[in-house]
Amino acid sequence: MSNKHQWLDSLPPDEEAFVKNFILNSGSLKKLQREYKVSYPTIRHKLNTIIEKIREKPDRKNNFNQKLMQLVIDEDISLYAANRIMQMYKEEKHD
């Protein structure tokens with residue numbers, strides 16, 4: 001899928017369904033409140049949580065660094081090697 005849909009692909013199925021329902025209900029939180037049979041603050045909190053997840057979508061560089069650090073945590077590579085790789089990656093981006 002293209003990068004412009006990556007944020008949607010990263011949502012779990014229940015949150016993806018919530019976004020779909022939000023759109024189908026023309027963005028009305030009151031309609032969603034009735035549909036989900038919960039309080040308005042609960043619906044607002046759910047929407048705010050999804051908004052934050054979308055805003056915090058890691059960029060490609062941070063995702064690379066996170067994956068590299070996971071290799072260190074899993075003891076697949078040393079911290080020294082990870083730091084060297086990150087430095088080389090950073091230098092390559094500036095060339």
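**Loops, helices and core of the predicted model**

Glu-75 lies in the loop that runs between H5 and H6. The model described here is predicted. The backbone at Glu-75 has a positive phi of about 60°, although the residue is not a glycine. Is Glu-75 buried or exposed? Glu-75 counts as exposed, because its relative accessibility is 70% and the cut-off for that class is over 50%. A second case is Ser-26. This residue is placed in the loop between H2 and H3. Ser-26 is not a glycine either, yet its phi is positive, at about 55°. With a relative accessibility of 66%, Ser-26 is likewise counted as exposed.

The chain holds six helices and zero strands. Read from the N terminus, its elements follow the order α-α-α-α-α-α. The chain has 95 residues, and 18% of them count as buried. The exposed surface comes to about 7,600 Å². Carbon and sulfur atoms supply 54% of that area.

Helix H4 covers residues 40–55. Does its length agree or disagree with the number of its residues? At 1.5 Å a residue, the 16 residues of H4 should span 22 Å. The expected span is 1.5 Å times one less than the number of residues. The end C-alpha atoms of H4 are 22 Å apart, so the two values agree.

The buried residues of H4 are Ile-43, Leu-47 and Ile-50. Seen down the helix axis, these residues fall within an arc of 60°, and therefore they line one face of H4. The face turned away from this buried side carries exposed residues: Pro-41, His-45 and Arg-55. What covers the buried residues of H4? The cover includes helix H2, residues 13–24, and helix H3, residues 29–36.

With residues up to four places away in sequence left out, Ile-43 touches Phe-18, Leu-29, Leu-32, Gln-33, Tyr-36 and Val-38. Asn-21 belongs to helix H2. Asn-21 has a relative accessible area of 18%, so it is buried, the limit being under 20%.

The largest nonpolar core has eight residues. They are Leu-11, Phe-18, Val-19, Leu-29, Leu-32, Ile-43, Leu-47 and Ile-50. Three elements, H2, H3 and H4, each give two or more residues to this core. Which element gives the largest share? H4 does, with three residues. The buried residues of H4, namely Ile-43, Leu-47 and Ile-50, are members of this core.

The structure holds two aromatic pairs. One joins Phe-18 and Tyr-36, and this pair is tilted. The ring centres of Phe-18 and Tyr-36 are 5.6 Å apart, with 40° between the planes. The pair links distant parts of the chain, since Phe-18 is in helix H2 and Tyr-36 is in helix H3, 18 residues apart. Phe-18 is buried, with a relative accessible area of 1%. Tyr-36 is partly exposed, because its relative accessible area is 33%, which lies between the limits of 20% and 50%.

The rings of Phe-64 and Tyr-89 also form a pair. Why does this pair count as stacked? The ring centres are 4.3 Å apart and the planes meet at 25°, so the pair is stacked. The limit for a stacked pair is under 30 degrees. This pair, too, links distant parts of the chain. Phe-64 sits in helix H5, residues 60–73, and Tyr-89 sits in helix H6, residues 79–94. The two residues are 25 residues apart. Phe-64 has a relative accessibility of 28% and therefore counts as partly exposed. Tyr-89 has a relative accessibility of 19% and therefore counts as buried.

Key
Residues are numbered from 1 along each chain as its sequence is written. This is a predicted model: local features need pLDDT of at least 70, side-chain atom pairs count only at pLDDT 80 or more; totals for chains, interfaces and linings use all residues. Side-chain values use heavy atoms; hydrogens and water are left out. Helices (H or I, at least four residues) and strands (E, at least two) are DSSP runs, numbered from the N terminus. Buried means under 20% relative accessible area, exposed over 50%, partly exposed in between (1.4 Å probe, protein chains only). The arc is that of the directions from the helix axis to the C-beta atoms. Contact means heavy atoms within 4.5 Å. Accessible areas come from the Shrake-Rupley method with a 1.4 Å probe; for residues, only the protein chains shown count as cover. A nonpolar core is a set of buried Ala, Val, Leu, Ile, Met, Phe, Trp, Tyr and Cys residues joined through side-chain atoms within 4.5 Å. Rings of Phe, Tyr and Trp (its six-membered ring) pair if their centres lie within 6.5 Å; planes under 30 degrees apart count as stacked, over 60 as edge-to-face and the rest as tilted.
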